[in-house]
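Please keep the structure open while reading.

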Amino acid sequence: MHLITPHGLICSFFFFSGAHTIGVSHCPSFSNRLYNCTGVGDQDPALNAQYAANLKANKCKTPTDNTTIVEMDPGSVRTFDLSYYTLLLKRRGLFESDAALTSSSTTLNYINQLLKGSLQNFYDEFGKSMEKMGRINVKTGSAGEIRKQCSVVNS
């Protein structure tokens, strides 16, 4: 199965986001979705309300909790599988970028196609996306930086 964008390219970012099936995050990386989505102390409506309530009660009790870790793919955090995409359909993606994958009919279609396919297909497509990302020229020296927090440019 090849998922093709309108320009004929395999949608690498879509498959690359599947890496969220393993690993953890700290609360400040996503706490705005729980506590201050639009700047008025609200919760992100794109996040499953029960999931958000569970995170607030049991994990990220404050928006600035720097010590608690949260699984990006609860239930299979150490398994490279398709459950991340299943959770996306339940609106349980931890990050805004996860939720964005279900806001487009194109990427939602990709998710549904992927879940109907084999795990091996996911592995193959993920591998292709990693190869493609590997062809991006890495900035070195003063042209680039190693970020202290990956989502924010160093100041």
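In this predicted model, 11 residues of domain 1 are in contact with 16 residues of domain 2. The area buried between domain 1 and domain 2 comes to about 1,200 Å². Domain 1 is made of two stretches, 1-23 and 75-134, while domain 2 runs over 24-71.

**Domain arrangement**
- Taken over C-alpha atoms, the centres of domain 1 and domain 2 lie 23 Å apart.

**Interface between domain 1 and domain 2**
- Carbon and sulfur atoms give 52% of the area buried between the two domains.
- On the side of domain 1, Arg91, Arg92 and Leu94 supply 51% of the area buried against domain 2, more than any other three residues.
- Nine residue pairs are in polar contact between domain 1 and domain 2, counting pairs with both residues at pLDDT 80 or more.
- The residues of domain 1 that touch domain 2 divide by class into four nonpolar, three polar and four charged.

**Annotated binding site**
- An unreviewed UniProt entry carries the annotation "binding site" for Thr21, Asp73 and Asp81.
- These residues span 61 residues in sequence, but no two of their C-alpha atoms are more than 9.7 Å apart, so they gather at one spot.
- Thr21 sits in the loop between α1 (12-16) and β1 (24-26).

Definitions and conventions
Residues are numbered from 1 along each chain as its sequence is written. This is a predicted model: local features need pLDDT of at least 70, side-chain atom pairs count only at pLDDT 80 or more; totals for chains, interfaces and linings use all residues. Side-chain values use heavy atoms; hydrogens and water are left out. Domain bounds come from an automatic or database domain assignment. Contact means heavy atoms within 4.5 Å. Buried area is the accessible area (1.4 Å probe) that two parts lose on being put together, summed over both. A polar contact is a pair of N or O atoms within 3.5 Å; within protein, one must be able to donate a hydrogen and the other to accept it, and residues adjacent in sequence count only if both atoms are side-chain atoms. Ala, Val, Leu, Ile, Met, Phe, Trp, Tyr, Cys and Pro count as nonpolar, Asp, Glu, Lys and Arg as charged, and the others, Gly among them, as polar. UniProt positions are given in the numbering used here, feature names are shortened, and annotations may be inferred rather than shown by experiment. Helices (H or I, at least four residues) and strands (E, at least two) are DSSP runs, numbered from the N terminus.
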